[in-house]
Amino acid sequence: MNLVLLGPPGAGKGTQAERLAEEFELPHVASGDLFRENLKNKTELGLLANRYIAEGELVPDDVTIAMIRDRIKRPEYENGVILDGFPRTLAQAEGLKEILTGLGRTLDGVLYIAVPDEELVHRLSGRRICRRCQTPYHIQFKPPQKQGVCDTCGANIYQRDDDKPETVRARLEVYHQQTSPLIDFYRQYGLLTEVDGSGDIETVNSALSEVVRSLMK
Ligand code: AP5
């Protein structure tokens, strides 16, 4: 089962990918997490990506496609993967098709989490992230049990620089211009299912689980 979670910044892709990964025993790959991991390790890729991330822009397609290709060809992904944050442009969608075809696989479904912009700004401004395992929290909607500490691994949690209001606005603009065309792109191939992402985390999770279960039949 190869799935894509599509949606604007703050829609809940990371939050839901984590739950679906556990429920369906499918590994989860988040392009944003891979870039941040590279930045933490000060790799050339991380330093390059950070120039774009800091401005709310997309990292160039060739670099991003190569990073994802390199990751999902690993043996731990041979039974399937949940992709979060990739693809984000039409060129990346073509790149994904080529990667999967090369591995003798196909894309089974695209789960589009739809949330209005006003709600996204509220979610992103209150988001906090674990410095080690990247689990997302929210100061109001999903606080950690102990303030400032990750429930999963015990590391510190922090606010991402690109969750500051000016950068959030730039990210939303980039999403509408470059990523939202993927909704119609995947719809025309009958791969897209839209889920209302404006409910609470549990409600959205139930809706997504139901879609994945039906794709598995
Ligand atoms: P990335 O890390 O992928 O950021 P994003 O897509 O902007 O998505 P987010 O992580 O901001 O949001 P999310 O949908 O995962 O929401 P979350 O679950 O955390 O990318 C960062 C940057 O890297 C990009 O700007 C770009 O520069 C670069 N990049 C990444 N991929 C790229 C690519 N393919 N090509 C080029 N460049 C790329 O939830 C958000 C908050 O809301 C959390 O606090 C959460 O607790 C809360 N929340 C979640 N669901 C709910 C709910 N139902 N109700 C209330 N609160 C909720």
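User: How do the residues of the shell around the ligand divide into nonpolar, polar and charged?

Analyst: This is a predicted model: local features need pLDDT of at least 70, side-chain atom pairs count only at pLDDT 80 or more, and totals for chains, interfaces and linings use all residues. Residues are numbered from 1 along each chain as its sequence is written, and side-chain values use heavy atoms, with hydrogens and water left out. Ala, Val, Leu, Ile, Met, Phe, Trp, Tyr, Cys and Pro count as nonpolar, Asp, Glu, Lys and Arg as charged, and the others, Gly among them, as polar. The shell has 14 nonpolar, 11 polar and 10 charged residues.

User: Which helix gives the most to the shell around the ligand?

Analyst: Helices are DSSP runs (H or I, at least four residues) and strands likewise (E, at least two), numbered from the N terminus. Helix H1 (13–24) and strand E6 (136–138) are among those that each supply at least two residues. The most, 4 residues, comes from H2.

User: How are the rings of Phe185 and Tyr186 paired?

Analyst: Rings of Phe, Tyr and Trp (its six-membered ring) pair if their centres lie within 6.5 Å; planes under 30 degrees apart are stacked, over 60 edge-to-face, the rest tilted. Here the centres are 5.1 Å apart and the planes stand at 75 degrees. So the pair is edge-to-face.
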